[in-house]
Amino acid sequence: MAMKKVLLHICCGICSSWAIEKLKIDGFQVCGFFYNPNIQPEEEYFKRLAVAQKVAEFHRIELLAGKYDPDKWQQEVKGRENDPEGGKRCLVCFHFRLKETFRKAVELGIEHFTTTLTISPHKNFEVIKNIGSSLSPEGFLAYNFKKEDGFKKSNKFCREHELYRQNYCGCLYSRISL
Ligand code: SF4
């Protein structure tokens, strides 16, 4: 029987380690998709991409990178620059990244998609689930990677492999609010 496939949106390498493992345990063939035009500055984007590549190599999965187009992302969140982290700007940001992940999954003929975003203790699972399901109720896999100590496991992996760990979410607004 052919293996089930999933396109995993990867927000950063650290968050991906447990998510990849969990999906593999559940019988999925995982393809990673690093799509994060929200990350600024550019240097930081490439640092995080490099970590995601290391983690993908470790888990022996394919990793694709979407287009880095921060101007497009900026247009999308226009007017929401001053929203607090966790507010409406973040909903737009999640939707922006998941929409492209869904589009990519369809392009690649991959039936399912999901995201590492749910592992963060700062991000609400229900909110992300609703966005993913609104894009495709059948295609989106509502994994809450916080479960089973997912965040702790990811941190442990990061320490053991001495991976670079960022201290802000991604956009410049989240950096300023530190
Ligand atoms: S704080 Fe994080 S989730 Fe919210 S808009 Fe910025 S990068 Fe996106």
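The structure is a predicted model, in which local features need pLDDT of at least 70 and side-chain atom pairs count only at pLDDT 80 or more, whereas totals for chains, interfaces and linings use all residues. Residues are numbered from 1 along each chain as its sequence is written. Helices (H or I, at least four residues) and strands (E, at least two) are DSSP runs, numbered from the N terminus.

An open sheet of 4 strands is arranged in the order S3-S2-S1-S4, with parallel pairing; two strands pair if DSSP finds at least two bridges between them. Strand S3 (62-65) and strand S4 (112-115) form the edges, each pairing on one side only. From one strand to the next, the twist averages 30°, where axes are lines fitted to C-alpha atoms, for helices over the stretch in contact, and angles run from 0 to 180 degrees between N-to-C directions. The parallel pairing of S1 with S2 extends over 6 bridges, and Lys-5 has Gln-29 in S2 as its bridge partner.

Helix H1 (residues 13-25) lies across S1 and S2 and runs at about 155° to S2. Its 13 residues reach 19 Å from the first C-alpha to the last, close to the 18 Å expected at 1.5 Å a residue; the expected span is 1.5 Å times one less than the number of residues. Buried residues of H1 include Trp-18, Ile-20 and Leu-23, a residue being buried if 20 or more other C-beta atoms lie within 10 Å of its own, exposed if 12 or fewer, and partly exposed in between, with C-beta atoms placed from the backbone. The cover over the buried residues of H1 includes strand S1 (4-9), strand S2 (28-34), helix H2 (42-59) and helix H6 (150-160). Gly-27, which follows H1, has a positive phi near 90°.

Helix H4 (residues 88-108) has 21 residues that should span 30 Å at 1.5 Å a residue, and its end C-alpha atoms are 30 Å apart, in agreement. Among its buried residues are Cys-93, Phe-94, Phe-96 and Leu-98, and the cover includes S1, S2, helix H3 (70-76), S4 and helix H5 (125-135). Just after H4, Gly-109 adopts a positive phi of about 75°.

Lys-88 lies in H4 and is exposed, because 12 other C-beta atoms are found within 10 Å. Not counting residues up to four places away in sequence, Lys-88 touches Arg-80 and Asp-83, contact being defined by C-beta atoms, placed from the backbone, within 7 Å. The C-alpha atoms of Lys-88 and Val-77, which are 11 residues apart along the chain, are separated by 9.0 Å.

Key: Contact = placed C-beta atoms within 7 Å.
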